[in-house]
Amino acid sequence: MKKNFLALSIGAALSLSAQADIIISEYVEGGSYNKAIEIANTGEQSVTLDGYALAKSHNGNGEWGATMPLDGITLEADGVYVVVNGRASDTIKAIPGAVIDTHSVVGHNGDDPIALIKDGVVHDIVGEMGDVDFAKDKTLIRRVYTPSALYDKTQWQEFTKDNIENLGQLDAGQEPAEPTEPVIGEPTTIMALQGESWASPETDVANGKYISDNTFVVEGIITTLDYSGGFFIQDETGDGNNLTSDGIFVLGSTAGLSVGDKVAVTGKIKEDFGWTKLESTLVSTISAGNSIEATPLRTLESDEDFDFTLERHEGMLVAFDKAADMHITRSFGYSYSDRRNNLTVSHERVNQHPNQSNAPSAHEGAIDSAAEIQTDSNEDKRVVVESFTKAPNGVVPWYPDFGKASIDQNGSSDDYLRIGDVIDGLEGVLTYSYNDYRFYVTNEASKESFAREATDRSATPVLKEGDLRVATFNVLNYFNSPFDGEANPTGQNRGAETADDFEKQATKIVQAMLAIDADILGLMEIENNGFGESSAVVDLVNRLNENLEIADQYSITQPPAEALTEGFIGTDAITTMVIFKAAKVSLDGVRIINMPEQHAPEITIEIGGKEKTESGDNYMRHAVTPTFSIAGTDEKLTVSVNHFKSKGSACWEDYALQAGGDPDKQGQCENFRVSAAYQLGKVMATIEGHKLIMGDLNSYANEDPMMVLTNRDNAADDYILKAARDTFIGDLALHGEEGAVISESYGYLNVIKEMHPQSHSYSYNDEVGTLDYILASASLKANIVDSMDWNINSSESTLFEYPSKYTGDLPKYDDAYSSSDHDPAIVILNFNDKQSPVIPVVTPEFPTQIELPVELPEIPTAVTSGAVFKVAFNLLEANKSAQASGKATLVVGDIASIIIRDGIQQRSVKKSMNVQKTLTPSDFSAGYVEFEIPALAEGDYTMTKIITDAQGSQKFASPNVTFSVKEKSTTDATGNTSGGSAGMLSLFAMLGFGFLRRKKGK
């Protein structure tokens, strides 16, 4: 029987010195800058440290950041090399041979592991990963001189803070002490030590007893050696009792051990912050080559909650198969709580934010609120899926094909992970640490390891048809100012840091927007750098329009100059904007709804032992609010696109009323967002016609601001909605020093939630919900055909987003997925149900040629302000052009439109007009259509003529032409206005249309 002694006497350890190596021999973590690391050569010959380096992992984050090469340094036998902090005490710096660190390695705290790296591989280590204070205010001295890539604290002796008595010398050469007799353990089983409850029966956690009095010896088969600081063993047969775990984690060295070894472990049982462990003093190998089958995770009716199901399997090798019903609830990406990339799964369902379906609540009294019950349920069902070592950038360690290019995906990947996917084929060991159960994967996954049931990607949003498609899109800080765009007025760049990243961002967003195909599209997080030809919004629209026919191209709603701040919308680096298809809607005008500012007194409080100050000055992005006329109808629609104050930065109420906490999980500044909702609802109530409130409201569906805009159906009768104090609209006070209790609810319909109650548009940590909305006025209820959150972003891994930083060699694709961190919200509206459908008839032949009346020009001439005027649309030539370009022949039922925009050849417009006519047989017989254009104000205009089929597909589009409208008193009597009929005839002549004839006036 082979024995492996883990923590015997110093003498026993020294007796092995002839076989020792280069090791870390001392770790000093003293007061202030009193930091030192000692490296020793415990061998019998000198060693040159070429290829070695000393490295630190900051806060045990799993990465070896600061590194100090040791090439060229020679250590004699039994010699040491001491590296000290440059600002350490003179006593430490006076240690003979001490070297000042110039590589920021020896600036460690007690939670910073230190390693010796040899040729890029960890050779020896001291410390635990994961931000564990393994040596805070301590000196650690090595007592077992065997290097190990896994930290074994039993090899180290602890001394008090600032103890440097042994620094600079090795104890080798002393007379070895007689080894002590190994401790004899009481025979037992893993199952008996685990017990049937939350903690081992050999401990008494309730009374502060975390380590057993007795020492035990148990047998088990090693299932994995990969976990830092120890290994997992499992009973070969178990005891048939589902309430007791068959596995356990052993604290100790893995030297000389292999997976499949059957071992006898001697040690005491320990409850380590909820994780049952065996602290070994002796490991004896019984046999090799054994195996343990993973146990499928199953619940029992007797399990009080799912976390007890997990507790019953703690330490075991477990299988997540389809029947285990584990759903991805946070796709693989960065976890802020764990400070590393990993995945989170949940039993039976995806975890929903508690305020998505419930009114916010902080615990009061003996009965939990619905929101608190949801929070507890989320915690019970959560499991973090981990790798044994920190995942390298852009890599899922247990899924080697993740993100691999797929031949049949045309520039995308079949190997991805999405929220809602059901795990079907992962095996691993189950642990508990940092308040979560964790599943460390031991096998290799493929795309077949994930079952997708109504969670898979879709190439386009699947929706019912209607007249008008309206959508929102958060463009994830679309900033072109660093790449030859217009300067940002704040000097900030919140977006891409390289030109390549910006091109990837733009490409992905354009692909997504083309698939959405919205007629009106609200944008959030677009750079606020104006409306010029080099602005971010023009850049984005140009990229979109390059892929679209004229009938589908977008224009930008530009507010009037008096509503802007020196040419910009408000004062933030980002803004909201609206783009639209002028062939579908006319732009009547654009207003800016100014949102509240808070100017409250400065307040300072203590948070986490530190004083923090909130200035009291807080701001909200203004709402861009255009009004449209819907082509082919008499209906008007006002769309207000918003981006409310974020949840991440504090306002006055967070410090003064909540002591910097978040008891109701609304995030910070909820009172300020209530003020915004109140102001928005109040102003929108003054606007006639149908209305949509859209955008990122930074509120889950039942939080306070949403109650103001929609209803209070899920709140108690005495629930109070409180607006922020000291808020202003410009210079006008909105709410005074006391704030205000808001009693109004404006009755907007949360369109998507009403149709799809479980839908989500955003994921944070492992909880999903909606922050992005389309809220409809009650007048629109009968017009709503369909709606959805298109989950192309929130369900995906953040590693697929445009930034290349921290994603290593992971491929970045030009597809729509992960084009942002918010999902687009889409609604389909219908306004034409009451109109009689066009009855299909045989389309008459066109005449061979036509003569247009002289008073009916192809483009406007001699137009005066305030006067209605007429324009002809030549169908004969439009038909020839359509046929020449491979389009279908014009038929009865096609739609002819004349689109007029203010300005000359500009993407951004303050107003536009769309005059439509459905083509009839008489139009074909005449060969042209007469359009009467409503009066225009003085100025320059651009005109486009298009013909589409009844479904909106373009058959013909003319080039843009310009004309002027002048005041009547100054109109040129000759009719030679800019871009007049002469210019158009010349253009037609160049295009081969010179045969046109006109009737002479009589």
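These legends describe close-up views of one predicted model. Local features need pLDDT of at least 70, side-chain atom pairs count only at pLDDT 80 or more, and totals for chains, interfaces and linings use all residues. Residues are numbered from 1 along each chain as its sequence is written, and side-chain values use heavy atoms, with hydrogens and water left out.

**View 1. Phe232 and Phe249 form a tilted ring pair.**
Rings of Phe, Tyr and Trp (its six-membered ring) pair if their centres lie within 6.5 Å; planes under 30 degrees apart count as stacked, over 60 as edge-to-face and the rest as tilted. By this rule there are 28 aromatic pairs. In one of them, the ring centres of Phe232 and Phe249 are 4.9 Å apart and the planes meet at 55°, so the pair is tilted. Phe232 sits in strand 16 (residues 230-234) and Phe249 in strand 17 (residues 247-251), 17 residues apart. Helices (H or I, at least four residues) and strands (E, at least two) are DSSP runs, numbered from the N terminus. Phe232 and Phe249 are both buried. Buried means under 20% relative accessible area, exposed over 50%, and partly exposed in between (1.4 Å probe, protein chains only). Ring pairs also link Tyr227, Phe232, Phe249, Trp275, Phe388 and Tyr440 into a cluster.

**View 2. Phe402 and Phe800 form a stacked ring pair.**
Their centres are 5.2 Å apart, with 25° between the planes. The pair links distant parts of the chain, 398 residues apart. Phe402 lies in the loop between strand 24 (382-386) and strand 25 (422-423). Phe800 lies in the loop between strand 49 (784-789) and strand 50 (825-829). Both Phe402 and Phe800 are buried.

**View 3. Two charged side chains lie over tyrosine rings.**
Here, a charge sits over a ring if NZ of Lys or CZ of Arg is within 6 Å of the ring centre and within 35 degrees of the ring normal. Lys118 lies over the face of Tyr52, at 5.4 Å from the ring centre. Arg457 lies over the face of Tyr416, at 3.8 Å from the ring centre.

**View 4. The largest nonpolar core has 76 residues.**
A nonpolar core is a set of buried Ala, Val, Leu, Ile, Met, Phe, Trp, Tyr and Cys residues joined through side-chain atoms within 4.5 Å. Ile520, Leu637, Leu692 and Leu829 have the most contacts inside this core. Helix 7 (residues 499-516) gives the largest share, 8 residues. Apart from this core lies another, of 47 residues, among them Tyr227, Met316, Met326 and Ile328. Contact means heavy atoms within 4.5 Å. Not counting residues up to four places away in sequence, Leu692 touches residues including Val470, Met684, Ile774 and Leu829.

**View 5. Strand 24 is covered on both faces.**
In a regular strand the side chains alternate between the two faces of the sheet. Arg382, Val384 and Glu386 lie on one side of strand 24, Val383 and Val385 on the other, and all are buried. 5 of the 5 residues are buried, so strand 24 is largely enclosed by the rest of the structure. Two strands pair if DSSP finds at least two bridges between them. Strand 23 (residues 340-347) joins strand 24 through 4 bridges, and the two run antiparallel. Ser346 stands opposite Arg382. Strand 27 (residues 436-441) pairs with strand 24 in the parallel sense, over 4 bridges. Val385 stands opposite Phe439 in strand 27.

**View 6. Cys651 and Cys669 form a disulfide.**
A disulfide is counted for a pair of cysteine sulfur atoms within 2.5 Å. The structure holds 1 disulfide, and the sulfur atoms of Cys651 and Cys669 are 2.0 Å apart. The torsion about the S-S bond is about 100°, so the disulfide is right-handed. Cys651 is in the loop between strand 39 (636-643) and helix 9 (652-656), and Cys669 is in the loop between helix 9 and helix 10 (670-684). Both Cys651 and Cys669 are buried.

Strand 29 (residues 468-478) runs antiparallel to strand 50, joined by 5 bridges. Leu829 in strand 50 is the bridge partner of Leu468.
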